[in-house]
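User: Could you walk me through this model and its ligand site? I'd like to go through it step by step.

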Amino acid sequence: MPTAHTDAHWAAYNDAQAGGEVRPLCGEVIARAGDGAGHTAIDFGCGAGVETRALLRAGWHVHAIDAAPGTRQRVLTTTEVSDPARLTIEVSDFHDLAELPAVDLVYAGYSLHFVHPLAFPRVWALLRASLLPGAWLAVNFLGERDSWAPDPEMTFLSEASARALLEGLDLVSFTERDEEGAAYSGPKHWHVFDVIARRPLPKTSIPVGHDRS
Ligand SMILES: C[S@@+](CC[C@H](N)C(=O)[O-])C[C@H]1O[C@@H](n2cnc3c(N)ncnc32)[C@H](O)[C@@H]1O
């Protein structure tokens with residue numbers, strides 16, 4: 001993990017987020033994707049589990065991943081899960097992930113920039129490979145003008161490189177924010193790409209409405 005973000009930092013950060021609102025990007029992808037019943041989502045960097053809880057409430061099975069100490073108890077407390085069969089919690093560093101389940105939705109909220117630039121292509125390929133046909137993807141990438149960009153252990157992307165990562169997906173929305181703001185650690189400049197995309201469904205050889213007879 002980046003030197004600035006220790007286990008103790010993340011445990012304290014996530015404790016402080018437990019009562020927070022669902023991130024708008026996650027709310028939007030849940031609304032677009034519709035009823036999650038019978039489908040699985042990954043919450044990549046689930047933190048306190050606020051978005052995991054929103055996904056569970058929308059009917060999804062959720063595979064929640066985070067490395068922070070205390071993640072399991074924190075997520076169970078936040079989600080007050082009534083059906084444990086719909087929630088799996090993987091306490092793992094992103095860099096140690098070898099495989100991910102095949103899913104219909106991936107939410108990676110403010111987490112991907114914590115992947116080391118050298119590991120990013122492999123981790124991104126794992127996430128892309130987890131998307132079933134028709135699956136939804138909602139991610140934040142941090143851009144090159146972010147005030148954390150000098151950190152060589154974190155990943156920051158130009159708009160062109162962010163768009164290149166999405167090649168082959170249907171882009172639903174791609175929004176750039178480049179503004180002063182606040183973080184848990186204090187004031188900072190946020191340069192963020194908020195993305196919603198979908199893996200296309202396979203093209204059928206017989207177009208809908210085409211008479212086969
Ligand atoms: C800024 S928080 C985002 C939490 C939540 N996804 C959200 O949208 O608010 C980043 C999360 O990523 C986790 N994280 C950071 N680096 C990580 C790593 N290398 N492996 C696994 N989890 C990591 C932290 O513990 C934290 O919960």
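User: Which residues are closest to the ligand, and how many surround it?

Analyst: Happy to start there. This is a predicted model, where local features need pLDDT of at least 70, side-chain atom pairs count only at pLDDT 80 or more, and totals for chains, interfaces and linings use all residues. Residues are numbered from 1 along each chain as its sequence is written, and side-chain values use heavy atoms, with hydrogens and water left out. The closest are Arg23, Gly45, Asp66, Phe94 and Gly109, and the residues that surround the ligand (a heavy atom within 4 Å) number 19.

User: How is the shell around the ligand divided by class?

Analyst: Ala, Val, Leu, Ile, Met, Phe, Trp, Tyr, Cys and Pro count as nonpolar, Asp, Glu, Lys and Arg as charged, and the others, Gly among them, as polar. On that basis the shell has nine nonpolar, six polar and four charged residues.

User: Which polar side-chain atom lies 3.2 Å from a nitrogen atom of the ligand?

Analyst: Polar contacts here are pairs of N or O atoms within 3.5 Å. A backbone N or O atom of alanine 67 lies 3.3 Å from a ligand nitrogen, but that is a backbone atom. The side-chain atom at 3.2 Å belongs to aspartate 93.

User: What is the order of elements in the protein chain?

Analyst: Helices (H or I, at least four residues) and strands (E, at least two) are DSSP runs, numbered from the N terminus. The chain has six helices and seven strands. From the N terminus on, they run α-α-β-α-β-α-β-β-α-β-α-β-β.

Conventions:
Polar contact = N/O pair within 3.5 Å; in protein donor to acceptor, adjacent residues only side chain to side chain.
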